[in-house]
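Keep the viewer open while you read.

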Amino acid sequence: MATVELTCICCPMGCPLTVEVAPDGEVLSVAGQSCRRGADYGRREATAPERMLTYVVPVQGRLEPLSVKTAQPVPKALMADVVQQLRQLEVQPPVEEGDVVLENVAATGIPVIATKTIW
Ligand code: SF4
């Protein structure tokens, strides 16, 4: 059994979590949380951590880049692949906030969306 010490990042309280994980990856217990969100976070973070990713990409013919983000958290283990794909992206205006600028980033099934409008 492995013990993983974490800090819950779901709210500013930052509760310290202790997660016990069996050798087969099953979460045996989560302790230290003050609410259900913390328990859910501890389980995910100890076994399959995910993160939202924000980035900026160039816009054709513009000096100002476009800010983008993944529409959902992506597996932390795939972050390098996601960034590598975003580094090769250039968008063409106009782009509206919420538009999908890249489908299925790094084969995650998750799109990347614009977080602002560029006309
Ligand atoms: S366990 Fe609950 S109260 Fe504690 S940091 Fe996480 S979300 Fe906040």
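Predicted model: local features only at pLDDT ≥ 70, side-chain atom pairs only at ≥ 80, totals over all residues.

Residues are numbered from 1 along each chain as its sequence is written. Helices (H or I, at least four residues) and strands (E, at least two) are DSSP runs, numbered from the N terminus. Two strands pair if DSSP finds at least two bridges between them.

- Four strands make an open sheet in the order 5-6-9-8, and the pairing is antiparallel.
- Strand 5 and strand 8 (100-102) sit at the edges with a single partner strand each, so one side of each has no neighbour in the sheet.
- From one strand to the next, the twist averages 40° (axes are lines fitted to C-alpha atoms, and angles run from 0 to 180 degrees between N-to-C directions).
- Strand 5 (residues 54-57) runs antiparallel to strand 6 and is joined to it by 4 bridges.
- Across that pairing, Tyr55 stands opposite Val68, and Val56 has Ser67 as its bridge partner.
- Strand 6 is also joined to strand 9 (residues 112-114), by 3 bridges and again antiparallel.
- Val68 has Ala114 as its bridge partner in strand 9.

- A residue counts as buried if 20 or more other C-beta atoms lie within 10 Å of its own, exposed if 12 or fewer, and partly exposed in between, with C-beta atoms placed from the backbone.

- Another open sheet has 3 strands in the order 1-2-3, with antiparallel pairing.
- Its edges are strand 1 (2-7) and strand 3 (27-31); each has a single partner strand, so one side of each is left without a neighbour in the sheet.
- Neighbouring strands here are turned by 20° against each other on average, direction ignored.
- Strand 2 (residues 16-21) and strand 3 run antiparallel and are joined by 4 bridges.
- Val19 stands opposite Val30 in strand 3.

**Around the ligand**

- Among the residues surrounding the ligand are Cys8, Cys10, Cys11, Cys15 and Cys35 (a residue is near a molecule if its C-beta atom, placed from the backbone, lies within 6 Å of it).
- Met13, Gly14, Gln33, Ser34, Arg37 and Gly38 are also part of that shell.
- The shell divides into 6 nonpolar, 4 polar and 1 charged.

**Backbone spots to check**

- The peptide bond from Pro93 to Pro94 is cis, with omega near 5°.
- Pro94 lies in the loop between helix 2 (79-87) and strand 8.
- Asn104, in the loop between strand 8 and strand 9, has a positive phi near 50° without being a glycine.
- Asn104 counts as exposed because it has 12 C-beta neighbours inside 10 Å.
- Ala107 is found in the loop between strand 8 and strand 9, and its phi is positive too, about 60°, although it is not a glycine.
- Ala107 is exposed, with 9 other C-beta atoms within 10 Å.

Key:
Nonpolar A, V, L, I, M, F, W, Y, C, P; charged D, E, K, R; others polar.
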